[in-house]
Amino acid sequence: HTRSLCDWSSDVCSSDLVHVPFCRHRCGYCDFTLVAGRDDLIDRYFAALERELERVDQPLDLDTLYLGGGTPSHLGPAGLRRLFGILRERLRPAADAEVTVEANPLDVTAEFVAACRDVGATRVSLGGQSLDAATLKALDRDHAPDDVRAAVARLLDAGLVVSLDIMTAAPGQTLAAVAADLAAAAALGVQHVSVYCLTWEPGTAFEVQRGKGLLRQADESVEQSMFELAIDRLEAAGYEHYEVSNFARPGFRCRHNEAYWDCRPWEAFGPGAARFDGRTRITNHRSTTAWINKMLAGEHATGDVDAMTDEQAARERIVVGLRRRDGLDRDAFRAASGFAVDSLVGPAVARWVEQGLATDVGGRIRLTRAGLLVSDALWSDVLT
């Protein structure tokens, strides 16, 4: 849930992330900062969060607030209300703010939906991952397809915006299964879909099993076919492909992510949470217990500190901009960063255009579909 790059001419943090590190179950592919089966830590987490919030001298007026995880919905209705009661003293979403809560389908009861409405949530990011039983089993998920459908129906009926996560390239997953998932997601009527290819992170259970030959990663050509299928099917269903992994109905882009990609300042609280002040990204200790203990002892809980030069920040801004389908506007980039795009990556852009990976027209640079397919391999040309 971290991004980098903000406009350091601004001292306003209009976006905020709060990390809730609790889950019922850790999925085999997950390397996020979380603890599973440790609900005994919840009270101490709340106390530590209150302590961390004390570093905010004046209440922050927010355009977006994002509760990520872990699984914030694991706190349950009472826990969600308690959490917002703690946040309310320092974090103040505007009347028209986007307030997102991440949720597991199994947690989305009628009582949880009512709590979302009561605390002012406007949007729920639902970790469905698939609507196919075999794919959910392959992904080590703890819910069934009908749980996703029931959760979406409850949330939409309550007037909440729903963003549904869909995962591709799961072990054994076929192109036909991905097509069925995309059709099912569109049929549910959700306003936003995020499509992620399974990544095999070091230290995860999946990566260990792959090393033993028990699981097999999908071929790169299959992963690319699944990505292209997602673009084709979701655009045909009326979704706008506005960022590499994100699709939205008109008017329903994720404002919180847009704030990151527009390089606005943001704050963040909780274990593993990263905040950015314009030049320096400060990440809290990833261990939930260590973060709690340090906070309650009155100590700093900083883990990593990454300070960037002006040029490094400008180069990251290029990456963020090119991940978006709107691309990178030369004039806006210069105004925001103080650098000309061509002075930093002119030869690389010319090479991408020649290779059919990008277009460069009217002062705006965009990656083509072919460029998006290999975008991760392009960033070394930018960040060096």
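## Report on a predicted single-chain model

Gln209 is placed in helix 7, which covers residues 205–211. The structure described here is a predicted model. With a relative accessibility of 28%, Gln209 counts as partly exposed. Setting aside residues up to four places away in sequence, Gln209 touches Leu214 and Leu215.

Gly37 sits in the loop that runs between strand 3 (35–36) and helix 1 (42–53). Is Gly37 buried or exposed? Its relative accessible area is 58%, so Gly37 is exposed. Apart from neighbours within four places in sequence, Gly37 is in contact with Cys23 and Arg24.

Ser125 belongs to strand 6, residues 123–129. Its relative accessibility is 7%, and Ser125 therefore counts as buried. Not counting residues up to four places away in sequence, the residues that Ser125 touches include Thr100, Val101, Glu102 and Ala103. Tyr66, Ser163 and Asp165 are also touched by Ser125.

**The chain as a whole**

The chain contains 15 helices and 17 strands. Its radius of gyration is 21 Å, close to the 21 Å given by the globule rule for 384 residues, so the chain is as compact as a globular protein of that length. Taken along the principal axes, the box filled by the C-alpha atoms is roughly 55 × 50 × 45 Å. Of the 384 residues in the chain, 54% are buried. Considering contacts between residues at least 6 apart in sequence, 71% join residues at least 24 apart.

**Helix 11 against helix 12**

Helix 11 spans residues 310–322 and helix 12 spans residues 330–337; their axes come within 10 Å and cross at roughly 145°. The crossing of helix 11 and helix 12 is right-handed. Which residues of helix 11 meet helix 12? On the helix 11 side they are Ala314, Arg317 and Ile318, and on the helix 12 side Phe333, Ala336 and Ser337. Sorted by class, the contact of helix 11 with helix 12 comprises four nonpolar residues, one polar residue and one charged residue.

**Backbone geometry in loops**

Most residues other than glycine have a negative phi, and most peptide bonds are trans.

How do the accessibilities of Asp140 and Ala169 read? Asp140 has 29% relative accessibility and so counts as partly exposed, whereas Ala169, at 1%, counts as buried.

**Cysteines**

How many disulfides does the model have? The count comes to zero, where a disulfide requires two cysteine sulfur atoms within 2.5 Å. Cys116 is in no disulfide, because the nearest cysteine sulfur, that of Cys254, is 15 Å away and the cut-off is 2.5 Å. Cys197 is likewise in no disulfide, and the nearest cysteine sulfur to it, that of Cys30, is 16 Å away. As for accessibility, Cys116 has a value of 0% and therefore counts as buried. Cys197 has a relative accessible area of 30%, so Cys197 is partly exposed.

Terms used:
Residues numbered from 1 in each chain as written. Predicted model: local features only at pLDDT ≥ 70, side-chain atom pairs only at ≥ 80, totals over all residues. Heavy atoms only, no water. Buried < 20%, exposed > 50% of the residue type's maximum accessible area, 1.4 Å probe, protein only. Axes fitted to C-alpha atoms, helices over the stretch in contact; angles between N-to-C directions. Helix = DSSP H or I, 4+ residues; strand = E, 2+ residues; numbered from the N terminus. Left-handed = near helix turned anticlockwise from the far one by under 90°. Contact = heavy atoms within 4.5 Å. Nonpolar A, V, L, I, M, F, W, Y, C, P; charged D, E, K, R; others polar. Rg over C-alpha atoms; globule rule 2.2 N^0.38 Å.
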